[in-house]
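Hello,

Here is the structure I promised to hand over. My notes follow below it.

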Amino acid sequence: MCGNAGWVDISRKFWAFSGWKRADLLIDGRSYKDVANIGGWPVNTMVVEKGRKSRVCEVEVRANSTQANMRFLGRCLVGRLEDGSMALPTSMEVQRWAQNMWKVTAGVQVQELGGASFLFTLPSVEVQRVLRVRWSLGGRKLGLEWWLPVGCCVKQGSDISEVWVRILGLPLHLWDCAIFREIGEFYGGFSRVNEETSQRLHLH
């Protein structure tokens with residue numbers, strides 16, 4: 001062989017035999033590199049319509065205006081630690097653990113969802129691999145599942161106690177300043193969105 005020429009020929013024959021085509025590099029019209037990039041929460045303006053029915057605030061969100069958030073959350077996992085009575089790790093501790101255990105090249109982002117639940121953001125090409133394995137963190141089982149629009153929502157019949165005005169069970173793909181504003185104005189006037197909330201640092 002001369003230099004790397006021989007390896008090039010071998011690789012071409014291998015891909016020809018496997019039926020692989022260059023078009024397979026594209027996933028949903030994007031390159032593998034783009035798919036493997038975690039990115040972040042999309043910046044979009046949701047179309048919100050507000051209505052009143054007796055003492056109830058009805059907020060309607062145009063479905064097509066939430067698509068960017070849905071695509072982002074579609075590659076997220078929700079993890080729940082067993083035995084919530086024990087002291088919970090912080091999101092940074094969980095993130096360091098995930099980076100070390102899962103060996104995701106592009107990294108992992110972790111945010112608290114409240115209680116013993118965490119939101120894991122990974123490249124979409126890595127999610128299936130992580131789901132195939134049963135994991136434990138600090139001796140506690142970590143249950144992982146795909147994020148769903150109803151994930152972490154308040155279930156009907158739940159015993160809830162409110163402190164001043166607290167909006168509970170708002171699905172993550174609806175976290176948007178436009179929605180917060182409509183809800184705030186209904187309950188006496190909108191002031192501002194907490195910076196940590198607008199940056200989605202704490203999702204519970």
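**What was found**

Start with V108: beyond its neighbours within four places in sequence, V108 is in contact (heavy atoms within 4.5 Å) with I38, Q95, A98, Q99, W102, F120, T121 and L122.

Some ground rules first. This is a predicted model, so local features need pLDDT of at least 70 and side-chain atom pairs count only at pLDDT 80 or more, while totals for chains, interfaces and linings use all residues. Residues are numbered from 1 along each chain as its sequence is written, and side-chain values use heavy atoms, with hydrogens and water left out.

**Cores**

A nonpolar core here is a set of buried Ala, Val, Leu, Ile, Met, Phe, Trp, Tyr and Cys residues joined through side-chain atoms within 4.5 Å. Buried means under 20% relative accessible area, exposed over 50%, and partly exposed in between (1.4 Å probe, protein chains only). The largest core has 19 residues; W102, V108, F120, L122 and L144 touch the most other members. At least two residues each come from β5 (76-81), α4 (91-102), β7 (117-121), α5 (124-131), β8 (135-137) and β9 (140-146). α4 gives the largest share, 4 residues. A second, separate core holds 13 residues, including W41, V78, W147 and V193.

Helices (H or I, at least four residues) and strands (E, at least two) are DSSP runs, numbered from the N terminus. The protein chain has 7 helices and 9 strands.

**Sheet**

An open sheet of 5 strands runs in the order β6-β7-β5-β9-β8, with antiparallel pairing. Two strands pair if DSSP finds at least two bridges between them. β6 (109-114) and β8 are the edge strands, each pairing on one side only. On average, neighbouring strands of this sheet are turned by 35° against each other, direction ignored. Axes are lines fitted to C-alpha atoms, for helices over the stretch in contact; angles run from 0 to 180 degrees between N-to-C directions. α5 packs on the sheet and touches β5, β8 and β9; its direction makes about 135° with that of β9. β5 and β7 pair over 5 bridges. R80 stands opposite S117 in β7.

**Cysteines and totals**

The whole structure has 0 disulfides (cysteine sulfur pairs within 2.5 Å). C76 is buried at 0% relative accessible area. C177 is partly exposed at 40%.

Buried residues make up 33% of the 204 in the protein chain. Of its contacts between residues at least 6 apart in sequence, 66% join residues at least 24 apart.

Best wishes
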